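Good morning, colleagues. Please bring the entry for today up on the screen, and I shall take you through it chain by chain.

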Amino acid sequence: MSTPNSPTLDKHSSALDAAENTASHLITVTLRVRRFNPEVSAEAEWVDYRLPIDPKERVLDALHKIKWEIDGTLTFRRSCAHGVCGSDAVRINGRNRLACKTLIKDINPEKPITVEPIKGLTVLKDLVVDMDPFFQAYRDVMPFLITKGNEPTRERLQSAEDRERFDDTTKCILCAACTSSCPVFWNDGQYFGPAAIVNAHRFIFDSRDEGGEQRLEILNDKDGVWRCRTTFNCTDACPRGIEVTKAIQEVKRALITRRF
Amino acid sequence: MSTDITDAVELTGSSVAPYSPENPAPVIEPPRARTKRTPRSTRTNFEMYGWLFMRLSGVVLVVLVIGHLLIQLVLDGGVQKVGFAFVAGRWASPFWQYWDLAMLWLAMLHGGNGLRTVINDYAEQANTRVWLKTLLFTAVAFTIVLGSLVIFTFDPNIR
């Protein structure tokens, strides 16, 4: 960078600089991981891992570094690793996040970073939880297009405004960050949970769908939307920025306006 | 529980492990997990009416309770004036009788329903739920009946 009139040399030296800087950019962080292995112990415990890492990397990279270089027995889920598949929702520093969307520098690397499995679901090993009850609630709201009459010969058209009505809730990736941040769900797994309601909302407010009445009836039950205490944990937790609590309230309003 | 192990595998370290791949430890299941068969559909609007009642009775109670507190504690000489004669004087008018009756019923049902949701949210065992709710409903019914009885059978000439 110091010799601006010789481009080749400059490129070379800046690349060298970058390489040198990268090494110095590494900081040492402590990852405090909640580990549980039923084949060894009935108790879960915190295990600290200290590792050098670029603060611009993500928590998932740190977990990879632990698994690949320090301790291969660490177990966690991840697929796409880019915030689309929703596999790696974990509780980082007490908040539900996607490990693949959380940068180390954003969560105060000075202190130990705690990583735990999401709450309210059975922990199978380390950060892996049993998602069956979560997906059961999802299935129970019938998350598919329901129509009456004959199949049209061309596509089902929809205006831009009608599409906009439920746009927010189409973003859900079923990572369970919202449902497992809900205090009602922690204490009572019978509650549908925010994610199932969001996915019901996506069809209830879809102008092409004709199963809205059935879905509202399902969510009107005692473990449906009326158990929501509007604590907004779900909205805070959603890695896709869906206004989850707002969607739940819209379903409540639809139920009330349907009756009166 | 926090341990300070660096780069260590604490879990595999113990030599006498009571659990093995053939004999794993029991996992901790969350309360009342949803399965294919739960929850059963009841197809009633009870929860919706409960939710609506909480909002509406809450608004009415704000007026009733603040009015009650003003009359009892602030206006016209404060709390010192409240005695048998004061209560007898107020309950001579049906307006105040019905004011107090509405306040009693709404406050008991509002509070009772609130505690019912708290029990639903926090009690994990089915038995605990049943017993707590039985206790709650009994207390609510008893207070409402006793209070209504007092308001309507109040006799200012009692000695």
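How many helices and how many strands does chain A have? Chain A has 9 helices and 7 strands. Please bear in mind that this is a predicted model.

Turning to overall dimensions, the radius of gyration of chain A is 23 Å, whereas the globule rule gives 18 Å for 260 residues; the value is well over that figure, so chain A is more spread out than a compact globule. Its C-alpha trace spans about 75 × 55 × 30 Å along the principal axes.

Among the contacts in chain A with a separation of 6 or more, 62% are between residues 24 or more positions apart.

Next, the surface and the charges. Chain A has an accessible surface of about 12200 Å², and carbon and sulfur atoms contribute 51% of that area. Its side chains include 38 positive and 38 negative ones, with the centres of the two sets 2 Å apart.

I now move to chain B. Which residues does the annotation "transmembrane region" cover there? According to the unreviewed UniProt entry, the annotation covers residues 52–75, 95–115 and 135–154 of chain B. In the model, residues 52–75 of chain B are 96% helix and 0% strand, with 33 Å between the end C-alpha atoms. Residues 135–154 of chain B are 95% helix and 0% strand, and there the end C-alpha atoms lie 28 Å apart.

Thank you for your attention.

Terms used:
Residues numbered from 1 in each chain as written. Chains lettered and ligands numbered in written order. Predicted model: local features only at pLDDT ≥ 70, side-chain atom pairs only at ≥ 80, totals over all residues. Heavy atoms only, no water. Helix = DSSP H or I, 4+ residues; strand = E, 2+ residues; numbered from the N terminus. Rg over C-alpha atoms; globule rule 2.2 N^0.38 Å. Contact = heavy atoms within 4.5 Å. Areas by Shrake-Rupley, 256 points an atom, 1.4 Å probe, with all protein chains shown as cover. Lys, Arg positive; Asp, Glu negative; His and termini not counted. Charge placed at Lys NZ, Arg CZ, Asp CG, Glu CD. UniProt positions renumbered as here; feature names shortened; annotations may be inferred.
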